[in-house]
Every structure is written in C-alpha cells, then in structure tokens.
Amino acid sequence: MNKIIKDQISNLKPSATLAINEESNKLRKKGKKIFKFGFGQSPFPIPDSIILALKNSANQNTYLPIQGLEELRSAIAKDLNNNNNQFESDDIVIGPGTKELMFLTQIAFNGDVLLPAPSWVSYQPQALIAKNKVHWIQTSNKTNWFPTAEQIEEKIKTIKDKNLLLFINSPNNPSGTVCKNLKEIATIAKKYKLIILSDEIYSRLTFDKQYVSISNFYPEGTIVSTGLSKWCGAGGWRLGFFGIPKQLKELKNSLKILCSESFTSV
C-alpha cells in the first residue's frame, strides 16, 4: 500500500511548546514541582471588563463575515493606528489565534522565508508544510538575538529571483526583549521589497514603555500580527488578528479565501 501521509507531514513532530506543556501537566498530576517554560501563559487573571464583555455577548451565535466582526475590526484598526499606522477595518483579518493566520499566510505565499535563529517554534514547520524554503539568519547575544540589517542584506544577495517573507518577533516571545534596529531593517526591507510579518503578540508586555513597531518605518510592506493571548492572559480564547496594508491587498484576499475554507469565521 502506498504511503497515505505526505513526506513533509510525516517528518513533523508535535509543536515543542505544546509537547512541553502536556508533559509538564502530566508531571504536575504526579505531584512533581514544575516550572513551566513551554507556553507563554500569563500568571495574571483576564481583566474583569473583558470577561464581562464575553458574558454579555454569549448569546450572539450567528456566523460572522470572513474577516471578523465589523465593530471589532474597526476597534482593532483604531488601536493599531495609535502606533502610527493607517489601517481601516477592511485591512484587518481576525482569526482563531495568530498561529492559524500565519499558517494560512505561508500556504498562500509564493516565495522563500527568512527566519532569525533562534525563532518561535512554529515558523519553520509551517514553512515546511507550505513547501516554502527557509533561509536562517544566525543571531547572537551581541545583537540581543535579533538579526542585523547587514546580515539580512547578505542573505538576500545569496537568493535569486524569489519573493521573500521575513519574520520579525519584537517584543520577543517569550522574553519581551525589543529589537533596537528596526529602522535599519526596514530600510533594507524597503530596498529589496521584502514582505515583513511582524509578530507583535507581546506588544503590551515589553519592558520598554516606548514600544515601536517596524510598521512605523515600513508600513507598506509590513503585516502586523497580534492578539489577546499573551497580554490579556487569554491564550485559550484563541483570538488573534492581522493588520495588512493596502499594498498587500492581493495577499489579504487570498488569505480571506483560505480562512473561508478552513475556520469559516471567528
């Protein structure tokens, strides 16, 4: 009998963070003292105002637009625009966590992926599933574990005639450390017309009160990715969203189609 599992799937293992979380839960049930370093789960409770809002809306049971509730998208756009963006409600896509939206983006994207090393554990496996080649950029403690503009440009020069998607995770998940050279990276991204996926799920948990997004310097090519999971301590609620600039409308429209054929709507 022929193999029923595709090669790129059969070589995958469960997400490291999920596996660590499940194993630590098993050990805890056995009475072991566990310090969890799997999920970035906030130890603080979900704000009462947000719990109340969920309770008051629990009777809402109709299917929503593919991109999500119009009022919520408008509120998200307004909030993101406090950080010098210019999003409108139609630029926002809401998903069951940003992991799903990242995965569908990789499925839609035709090109190669640039990843800093180390990176969040799901970027590379998602690229593997989507058959996108990954090019690693090794970081170090000298640059606070973020790539330099020079490193990115050197890597780009080794890749010929490819669309490129660069992942930037600042503030870092789960350390909260902030990339200090976003402006320089944005200059290189603009020069080579990179698409940047800016994973900002820790944006409200940074130690730096002057939080800055790379979208401030390269708005036309940056997808802003964030949600409730980390700052709100609501990982299990699965509410994430993308802010996608109008210049990437083609990618947004393809993402909407994939959303409609996978999770329908949030």
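Predicted model: local features only at pLDDT ≥ 70, side-chain atom pairs only at ≥ 80, totals over all residues.
1. Strand S4. This strand covers residues 164-168. Five of the five residues of S4 are buried, so the strand is largely enclosed by the rest of the structure. Leu-164, Leu-166 and Ile-168 point one way from S4, while Leu-165 and Phe-167 point the other way. In a regular strand the side chains alternate between the two faces of the sheet.

2. Neighbours of S4. Strand S2, made of residues 112-117, pairs with S4 in the parallel sense, with three bridges. Strand S5, residues 195-199, also pairs with S4 in the parallel sense, and here there are four bridges.

3. Strand S1. In which sense does S1 pair with S7? The pairing of S1 with strand S7 (residues 240-243) is antiparallel and runs over four bridges. One of the pairs to look for is Val-93 with its bridge partner in S7, Phe-242. S1 itself spans residues 92-95; Ile-92 and Ile-94 point to one side, Val-93 and Gly-95 to the other, and all are buried.

4. Helices H7 and H8. Helix H7 is formed by residues 149-157 and helix H8 by residues 182-192; the two pack at an angle of about 20 degrees, and their axes are 8 Å apart. Angles under 35 degrees count as roughly parallel, and H7 and H8 are therefore roughly parallel to each other. The crossing of H7 past H8 is right-handed. On the H7 side the contact is made by Ala-149, Ile-152, Glu-153, Ile-156 and Lys-157, and on the H8 side by Glu-184, Ile-185, Ile-188, Lys-191 and Tyr-192. Of the residues in this contact, six are nonpolar, four are charged and none is polar.

5. Helices H5 and H9. The axes of helix H5 (residues 98-108) and H9 come within 9 Å and cross at roughly 115 degrees. H5 passes H9 in a right-handed crossing. H5 contributes Leu-101, Leu-104, Thr-105, Ile-107 and Ala-108 to the contact, and H9 contributes Leu-251, Ser-254, Leu-255, Leu-258 and Cys-259. What is the make-up of this contact in nonpolar, polar and charged residues? Eight of its residues are nonpolar, two are polar and no charged residue takes part.

6. Cis peptide bonds. Most residues other than glycine have a negative phi, and most peptide bonds are trans. Two bonds in the model deserve a look on this account. Ser-170 and Pro-171 are joined by a cis peptide bond with omega at about 0 degrees. Pro-171 belongs to the loop between S4 and H8. The bond from Asn-173 to Pro-174 is also cis, and its omega is near 20 degrees. Pro-174 likewise sits in the loop between S4 and H8.

7. Positive phi. Arg-238 is not a glycine, yet its phi is positive, at about 55 degrees. Its place is the loop between strand S6 (222-227) and S7. Is Arg-238 buried, partly exposed or exposed? With a relative accessible area of 34%, Arg-238 is partly exposed. Thr-264, again not a glycine, has a positive phi of about 70 degrees. Thr-264 is found in the segment after helix H9, which covers 249-260. Its relative accessible area is 37%, so Thr-264 counts as partly exposed.

8. Ser-225. This residue lies in strand S6. Its relative accessibility is 0%, so Ser-225 counts as buried. Setting aside residues up to four places away in sequence, Ser-225 touches Thr-98, Met-102, Leu-197, Ser-198, Asp-199, Glu-200, Ile-201, Phe-241 and Phe-242. Phe-242, one of these, is also the bridge partner of Val-93.

9. Cys-232. The loop between S6 and S7 holds Cys-232. Buried means under 20% relative accessible area; Cys-232 has 1%, so it counts as buried. Which residues does Cys-232 contact, leaving aside its neighbours within four places in sequence? They are Pro-45, Ile-46, Pro-47 and Ile-50. For Ile-34, which is 198 residues from Cys-232 along the chain, the C-alpha separation from Cys-232 is 23 Å.

Notes: Residues numbered from 1 in each chain as written. Heavy atoms only, no water. Axes fitted to C-alpha atoms, helices over the stretch in contact; angles between N-to-C directions. Parallel < 35°, antiparallel > 145°, perpendicular 65-115°, else oblique. Left-handed = near helix turned anticlockwise from the far one by under 90°. Contact = heavy atoms within 4.5 Å. Nonpolar A, V, L, I, M, F, W, Y, C, P; charged D, E, K, R; others polar. Buried < 20%, exposed > 50% of the residue type's maximum accessible area, 1.4 Å probe, protein only. Pairing = 2+ DSSP bridges.
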